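Please look at the sequence and structure before reading on.

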There are 2 protein chains.
Amino acid sequence: MALIVQKFGGTSVGSVERIKAVAEKVKGFRAKGHDIVVVVSAMSGETNRLIGLAEEIQSRPVASEYDTLVSTGEQVTIALLSMALQELECPAQSFTGWQLGMHTDRSHAKARITKIDEMPIRGALEQGKVAVVAGFQGITDDNRISTLGRGGSDTTAVAIAAALDADECQIYTDVDGVYTTDPRVVESARRMESITFEEMLELASLGSKVLQIRSVEFAGKYKVPLRVLHSFQEGPGTLITVEDHKPMESPVISGIAFNRDEAKLTLLGVPDVPGVAASILAPIGDANIEVDMVVQNVGENNTTDFTFTVHKNDYERACELLEQVKNDLKAREMRGDKDICKVSVVGVGMRSHAGVASTMFKTLAAESINIQMISTSEIKISVVVEEKYLELAVRALHAAFDLAVE
Amino acid sequence: MALIVQKFGGTSVGSVERIKAVAEKVKGFRAKGHDIVVVVSAMSGETNRLIGLAEEIQSRPVASEYDTLVSTGEQVTIALLSMALQELECPAQSFTGWQLGMHTDRSHAKARITKIDEMPIRGALEQGKVAVVAGFQGITDDNRISTLGRGGSDTTAVAIAAALDADECQIYTDVDGVYTTDPRVVESARRMESITFEEMLELASLGSKVLQIRSVEFAGKYKVPLRVLHSFQEGPGTLITVEDHKPMESPVISGIAFNRDEAKLTLLGVPDVPGVAASILAPIGDANIEVDMVVQNVGENNTTDFTFTVHKNDYERACELLEQVKNDLKAREMRGDKDICKVSVVGVGMRSHAGVASTMFKTLAAESINIQMISTSEIKISVVVEEKYLELAVRALHAAFDLAVE
């Protein structure tokens, strides 16, 4: 008998029929003797409906009232799912954020969890009930309702699993697991049995469709075994866990991630003096533009070339800001390019395998794909190439690293 | 500077535009220097939408989860109204039932208030904020959400006014006050400046369209001055208060109430022995059928005739039950009649005016309306007459007691 936290997102509880289906599923687990905590999101569409109402009143709604408003979405779901469970004669009790003691700081609409009371949920479990928990919401120390930001229900599930020392945290989604790459690009992409927290984080561009990155960080920090499963199909899904749990002969590379949403900006002939990188990136950061890759090349004549990528949506604004920086620093030239993409190979195995980078570069060269930028971490190598080569690059690398379905 | 509790129902906050209009109105009162607590209902239609969802899952939803579900309706309204007030630069803070400390018993879906914490609302008022309170909801001693039953927002408003010793509790509605009778029946019906709590209770059939009877009882008990006003029209409305506040020459009769929804049942030739009334009404009460008027006439030969009225919806069932009672008691005959109506004259003035009854009976006789039943209380005389005479009777009495617009 295990303690399992299960999380069902908005699509999984998007109608009364689906809520009933989730109840059947939960009851099945309960019947096996497990203690179950179910975390749910608002019914799909509901959060957007509520935000729409708020925005008719205020273009930037007061954050504490915004949280009071949108948190009703999850409250509706917990009540309905508890009813559905009890209709199946499975005892259940709903918990809002304040009822379960999900304490957060006062950063409304993006609150951080500070403490979770164990007792309310443990009390329900001891009475043989399924605890049905509203995701995404908490309570501040001044008794106001807070929310963890959109998609925060994953984080709620992981945090509760950590607080209760659960055996597994299961995230039910509309995919049946994490794949070696996007199956829409590579038909032979393979569902992974397991993956490490670090790999999952580095595979963000694949994983973000599946899991909130913040919840993966949280799960890694507290070593909560996390499993991604399909809401309405049977199957083992993908287990996200610590490295130890992986088989000895785990492949060198776990997956191929990619991102079409980035644009590249370069400042050529920048004076090569201390602090120049900060001078370039400070105005970008001040404008709340997120920078992804940053590469500084060695240049000539005491100058250097500086390149970074931003989201395509921020490209025009970043160009304006960089033009100003160019003048301030007396750099030679600014160049920008939106027709790029980023392709990454990810795997904890590469720590002990020197050849990954050379295999990657050779594979791309064999397809005559020119590499514009390279950036590496311990378990990831990312390259920027021309956007039109994205599918070709991903397919070639997927084959080269032998990731396909056996 | 006064402390005023204002309550706006579902129609008054039925759209974003109306919520904005309410905010303007509240801001206007605040600008006069008053401390304001606003109690609101769910946006019209929302509660029914939520109940619909529940009933798709359970024909009789679990009461505690039902309360968790439907209480979200008011929570949405308080958040939106607080935003609308702050958009007008009027400081405001929303309060759910649990946030303000509206403690109730555990009778979910029809909970009774046990205690109200003063401090949360007083704290907001001291900070110069308008307190925006979710009507209809509370919290039980085991930390579950409760609701006061439909229409309970009026009761919330009165209870808070009593707890805070407010100067006035204003109930905003879709009528501009309480009338001497229904203006759809008597064109010259007049809005009353003031009326006593007792009269308002006796005028239930008029008043129930305007105010929850339970809230009037509550206001009377705690002597909270209650005012009925139109949400979107200017005007003084009708003040419901203790008798002392009425002018010396208050009219003998305040208003004419009527009810078309009753049916009459009579048992003839019942043995006139102690306990017979209980024997007749017990099975009716056991079947959860409410009895309104009860009249027992003197009969002959140690028998009596026993008549009572029930709601027309309960008529068939009551007839079946009474047929059984007739056999058990060996009564002579059972008679029933659905084509009746009840007409009542109400007024605290009649306590000291003997002639009210005779004026009433003479007026009806002059119109050749036969009286089938008579029942009196200290401040009300009700008669049952044939249903087709309803309008005629009400108009004749309205004129006879000089209630028309001057």
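## The contact between the chains

In this predicted model, 28 residues of chain B and 28 residues of chain A take part in the contact. Two residues are in contact if their C-beta atoms, placed from the backbone, lie within 7 Å. On the side of chain B that touches chain A, the elements giving two or more residues are α1 (16-31), α2 (46-57), α3 (63-87) and α4 (97-100) of chain B. Helices (H or I, at least four residues) and strands (E, at least two) are DSSP runs, numbered from the N terminus. The largest share of this side, 14 residues, is given by α3(B).

Sorted by class, the side of chain B that touches chain A has 15 nonpolar, 9 polar and 4 charged residues. Here Ala, Val, Leu, Ile, Met, Phe, Trp, Tyr, Cys and Pro count as nonpolar, Asp, Glu, Lys and Arg as charged, and the others, Gly among them, as polar.

## Conventions

Residues are numbered from 1 along each chain as its sequence is written, while chains are lettered from A and ligands numbered from 1 in the order in which they are written. As this is a predicted model, local features need pLDDT of at least 70 and side-chain atom pairs count only at pLDDT 80 or more, whereas totals for chains, interfaces and linings use all residues.

## Helix α3 against its copy

The axes of α3(A) and α3(B) come within 8 Å and cross at roughly 170 degrees. Axes are lines fitted to C-alpha atoms, for helices over the stretch in contact, and angles run from 0 to 180 degrees between N-to-C directions. The angle makes α3(A) roughly antiparallel to α3(B). Angles under 35 degrees count as roughly parallel, over 145 as roughly antiparallel, 65 to 115 as roughly perpendicular and the rest as oblique.

The crossing of these two helices is left-handed. A crossing has this hand if the near helix is turned anticlockwise from the far one by less than a right angle, and is right-handed if clockwise. The residues that meet include Leu69(A), Thr72(A) and Val76(A) in α3(A), and Leu69(B), Thr72(B) and Val76(B) in α3(B). This contact has 12 nonpolar, 8 polar and 2 charged residues.

## Packing within each chain

In chain A, helices α2 (residues 46-57) and α3 (residues 63-87) pack at an angle of about 155 degrees, with their axes 9 Å apart. That makes α2(A) roughly antiparallel to α3(A). Their crossing is right-handed. Residues of α2(A), among them Leu50(A), Ile51(A) and Ala54(A), meet residues of α3(A), including Leu69(A), Val70(A) and Val76(A). By class, this contact has 7 nonpolar, 3 polar and 1 charged residues.

In chain B, the axes of α1(B) and α3(B) come within 9 Å and cross at roughly 55 degrees. The two helices are therefore oblique to each other. α1(B) passes α3(B) in a right-handed crossing. Among the residues that meet are Ile19(B), Val22(B) and Val26(B) in α1(B), and Leu80(B), Leu81(B) and Leu85(B) in α3(B). The contact of α1(B) with α3(B) has 8 nonpolar, no polar and 2 charged residues.

## Single residues

Leu229(A) is found in strand β11 (residues 226-230) of chain A. Leu229(A) is buried, with 21 other C-beta atoms within 10 Å. A residue is buried if 20 or more other C-beta atoms, placed from the backbone, lie within 10 Å of its own, exposed if 12 or fewer, and partly exposed in between. Not counting residues up to four places away in sequence, Leu229(A) touches Gln170(A), Tyr172(A), Gly235(A) and Gly237(A).

Most residues other than glycine have a negative phi. Glu89(B) is not a glycine, yet has a positive phi of about 60 degrees. Glu89(B) lies in the loop between α3 and β3 (92-95) of chain B, and counts as exposed with 7 C-beta neighbours inside 10 Å. Asn288(B), also not a glycine, has a positive phi of about 60 degrees. Asn288(B) lies in the loop between α10 (276-286) and β15 (291-298) of chain B, and is exposed, with 8 other C-beta atoms within 10 Å.
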